[in-house]
Amino acid sequence: MDVLRIGILGIVGVMLALQFKANKPEYGIYIGFAVSLLIFSFVVSGLSSIFESMGIMEKYIGSDGTYFSVLLKVIGITYICEFCSGICRDAGYGSVSGQIEIFGKLSVLAAGMPILLAIIQSIQEIAG
């Protein structure tokens, strides 16, 4: 039922922010930011079960953890950049939001580069 609580929290936060938007638009932004942080804290608190499941999967795969660490980095980069970009977009700073998204995409590419290089090396070993 956490999904229902989060949904209600989001709707109540938006309705409250809309009440302040006409007279004090900055308060609406602050309320939106506070609600976003609350929801993000719920997301972070639920990550422990995901980490446990990934640990079990890692045991079955038998790797040294490189792939899972890259996967976690990419997921973290994606969520953090999306969160920050959304906050900036809601505050009216679309250009800053776009730059955060571009930085996130480049960071995901950089984080995944070791795996791409390992795949290319494996292909060369098989072909050579």
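How far apart are the mean positions of the 7 positive and 9 negative charges of the chain? They are 9 Å apart, where Lys and Arg count as positive and Asp and Glu as negative, with His and the chain ends not counted, and where the place of a charge is NZ of Lys, CZ of Arg, CG of Asp or CD of Glu.

This is a predicted model, in which local features need pLDDT of at least 70 and side-chain atom pairs count only at pLDDT 80 or more, while totals for chains, interfaces and linings use all residues. Residues are numbered from 1 along each chain as its sequence is written, and side-chain values use heavy atoms, with hydrogens and water left out.

The chain holds five helices and zero strands, helices being DSSP runs of H or I with at least four residues and strands runs of E with at least two, numbered from the N terminus. Its C-alpha atoms fill a box of roughly 70 × 35 × 15 Å along the principal axes. Of its 128 residues, 15% count as buried, that is, under 20% relative accessible area with a 1.4 Å probe and protein chains only.

Within helix 5, which spans residues 94-127, lies Ser-97. Ser-97 counts as buried because its relative accessibility is 2%. Apart from neighbours within four places in sequence, Ser-97 is in contact with Ser-85, Cys-88 and Arg-89, contact meaning heavy atoms within 4.5 Å.

Key. Buried means under 20% relative accessible area, exposed over 50%, partly exposed in between (1.4 Å probe, protein chains only).
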